[in-house]
Amino acid sequence: MTKILLTNIDKPDQASITKYRERGGYKALEKALAMDPATVIDEVKASGLRGRGGAGFPTGIKWGFVPRTAKPTYLLCNADESEPGTFKDRILMERDPHLMIEGMAIACYALNSHLSYIYIRGEYEFVANIVQKALDEAYEAKILGPSLLGKDYGLDIFIHLGQGAYICGEETSLIESLEGNRGYPRIKPPFPATHGFLASPTVVNNVETLAALPWIIQNGAAAHAAIGTEKSKGTKLFSVSGHVNKPGVYEVDMGYPLLDFINNEAGGIPNGRKLKAVIPGGSSVPVMTAAECEGALLDYESLLKAGSMLGSGGMIVLDETTSMPETLSVIADFYAHESCGQCTPCREGTGWAAKILKNIVAGKGRRSDVDLLLKIADRMEGKTICPLADADVMPIRSFVTKFRSEFEALCSS
Ligand SMILES: Cc1cc2nc3c(=O)[nH]c(=O)nc-3n(C[C@H](O)[C@H](O)[C@H](O)COP(=O)(O)O)c2cc1C
Ligand code: SF4
């Protein structure tokens, strides 16, 4: 199994620039700076790297949408990481922050961006302190600042702390928040590539996406494209939690078998219990039954075929003791709480779904409530400004249809 991101995560004190440089850190940036920016973009395109924030959009193609205009271009690193079950970016920033910073510098150079922000979730204040220390070290070493590694190219990177809103992880909401406004998602188009931060061309990339860049530049696009499956290239971080013996963050090649991941990397299910279900990509992807997990591989296409999605790689493992109505009720509460309220179907739908589920769990539901949940899901799906409503629809629909008898068993008539 190849390691691109977690090569040094378990060794002590890897967050310092000294250790990072000892193991070849910032050599990839040096190599990128000797290349033409367009060649760097071509290299990222050829690597097959897809955004690790959830949607899996090809990174090089996204960069290619950015026009060269008189306006400044911005790169925003999305470190909001608020999706329940997801904690992979935290490990990267906490243990190896220079990897992300080097990736950001490579991306900025390719995009002709001289000012960049890292938007870190507010609860990660201690992580922000580690990243700030790493930025200070990079400035002191003259890697950042007016002259990127001695080249006539200036770059500044600043941290911006979020204030605890999940919606600010959505890229246009993140941009609004960074501009000092309320974190309301924008209607697209226009897309951030042309009208983003301060109405200028902007790229928003996830921490893990950016952290993969130094390896790609150093080892070449072909080496990256050789890892994984035909359409899902490279490695992927999975943060695994729930009923496993070894919860944590693991890096595997795209296409690695899901059940092997649970049994080998995550140490299997405790107390000899049976697997009941898996949420493979964060709370907003469809839940998979144990039967659907058989033969499923951890890549974008395979998980889609198996009835779910790769999402952010926040895997939640549920054993046979799990109450599916109670689990869905917790998830639905989260989305009701986090809806920004701009769109009626989302504001009302997430709230009603959460209330109905609470009633069902309390034994006060009616059998017709189970279908009502599906009706609410139908009325929310695809009818809102951002995908948060759909992120509630996917768990509701999958839990209710795949485990319907458990919901009905709690209802009185
Ligand atoms: C409600 C919502 C929350 C999101 N939260 C995050 C997040 O915490 N981190 C992230 O990288 N992307 C998040 N995204 C996806 C971003 O909008 C965007 O697609 C991503 O940052 C792009 O980076 P990538 O191309 O590197 O994946 C979220 C999307 C939605 C709809
Ligand atoms: S879908 Fe929900 S979170 Fe997204 S903009 Fe509409 S109300 Fe806000």
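Predicted model: local features only at pLDDT ≥ 70, side-chain atom pairs only at ≥ 80, totals over all residues.
Trainee: What makes the protein as compact as a globular protein of its length?
Mentor: Start with the make-up: 19 helices and 11 strands. The radius of gyration is 22 Å, close to the 22 Å that the globule rule gives for 413 residues, so the protein is as compact as a globular protein of that length. Along the principal axes, the C-alpha trace spans about 75 × 45 × 35 Å.

Trainee: How much of the protein counts as buried?
Mentor: Of the 413 residues, 56% count as buried. As for contacts with a separation of 6 or more, 71% come from residues 24 or more positions apart.

Trainee: Why is Tyr26 called buried?
Mentor: Buried means under 20% relative accessible area. Tyr26 has 1% relative accessibility, so Tyr26 counts as buried. Tyr26 lies in the loop between helix H1 (17–22) and helix H2 (27–33). Its phi is positive, about 75°, although Tyr26 is not a glycine.

Trainee: And why is Leu198 called partly exposed?
Mentor: Buried ends at 20% and exposed begins over 50%, with partly exposed in between. Leu198 has 48% relative accessibility, so Leu198 counts as partly exposed. Its phi is also positive, near 55°, in a residue other than glycine. Leu198 is found in the loop between H8 and E4.

Trainee: What else is in the loop between H8 and E4?
Mentor: Pro189 has its place there, between helix H8 (171–178) and strand E4 (202–206). Pro190 is in that loop too. The peptide bond from Lys188 to Pro189 is cis, with omega near -5°. The bond from Pro189 to Pro190 is cis as well, with omega near 5°.

Trainee: What makes H8 mostly covered?
Mentor: Count the residues: 8 of its 8 are buried. Among them are Glu171, Ser173, Leu174 and Leu178. The buried residues of H8 pack against helix H4 (59–64), strand E1 (73–79), E2, E3 and E4. After H8 comes Gly180, with a positive phi near 95°.

Trainee: How do you know that H16 has the span expected of a helix?
Mentor: Helix H16 (residues 344–361) has 18 residues. At 1.5 Å a residue, 26 Å is expected, and H16 reaches 26 Å from its first C-alpha to its last.

Trainee: Which residues of H16 are buried?
Mentor: Cys346, Gly349, Thr350, Ala353, Ala354, Ile356, Leu357 and Ile360 are. They cover an arc of only 170° around the axis, which puts them on the same side of H16.

Trainee: Why does such a spacing put residues on one side?
Mentor: An α-helix has 3.6 residues a turn, so residues three or four places apart point the same way.

Trainee: What do the buried residues of H16 pack against?
Mentor: Helix H15 (324–338), helix H17 (367–380), helix H18 (388–402) and helix H19 (404–409). H16 is followed by Gly363, whose phi is positive, near 80°.

Trainee: Which residues of H17 are buried?
Mentor: Asp369, Val370, Leu373, Leu374, Ile376, Ala377 and Met380. Their arc is only 155° around the axis, which puts them on the same side of H17. These buried residues pack against H16, H18 and H19. Gly382 follows H17, and its phi is positive, near 70°.

Trainee: How do you know that E2 and E3 pair?
Mentor: Two strands pair if there are at least two bridges between them. Strand E2 (residues 113–120) and strand E3 (residues 156–161) have 6 bridges, in the parallel sense. Ser116 stands opposite Ile157 in E3. With helix H7 (residues 125–140), E2 and E3 make a right-handed β-α-β unit.

Trainee: Why are E6 and E9 said to stand at the edges?
Mentor: They belong to an open sheet of 5 strands, in the order E6-E5-E11-E8-E9, with mixed pairing. Strand E6 (248–253) and strand E9 (288–289) each have a single partner strand, so one side of each is left without a neighbour in the sheet.

Trainee: What joins E9 to E8?
Mentor: There are 2 bridges between E9 and strand E8 (residues 275–279), and the two run antiparallel. The bridge partner of Ala277 is Thr289 in E9.

Note on methods. Residues numbered from 1 in each chain as written. Chains lettered and ligands numbered in written order. Heavy atoms only, no water. Helix = DSSP H or I, 4+ residues; strand = E, 2+ residues; numbered from the N terminus. Expected span 1.5 Å × (residues − 1). Buried < 20%, exposed > 50% of the residue type's maximum accessible area, 1.4 Å probe, protein only. Arc of directions from axis to C-beta. Contact = heavy atoms within 4.5 Å. Right-handed = clockwise from strand over helix to strand, strands pointing away. Rg over C-alpha atoms; globule rule 2.2 N^0.38 Å.
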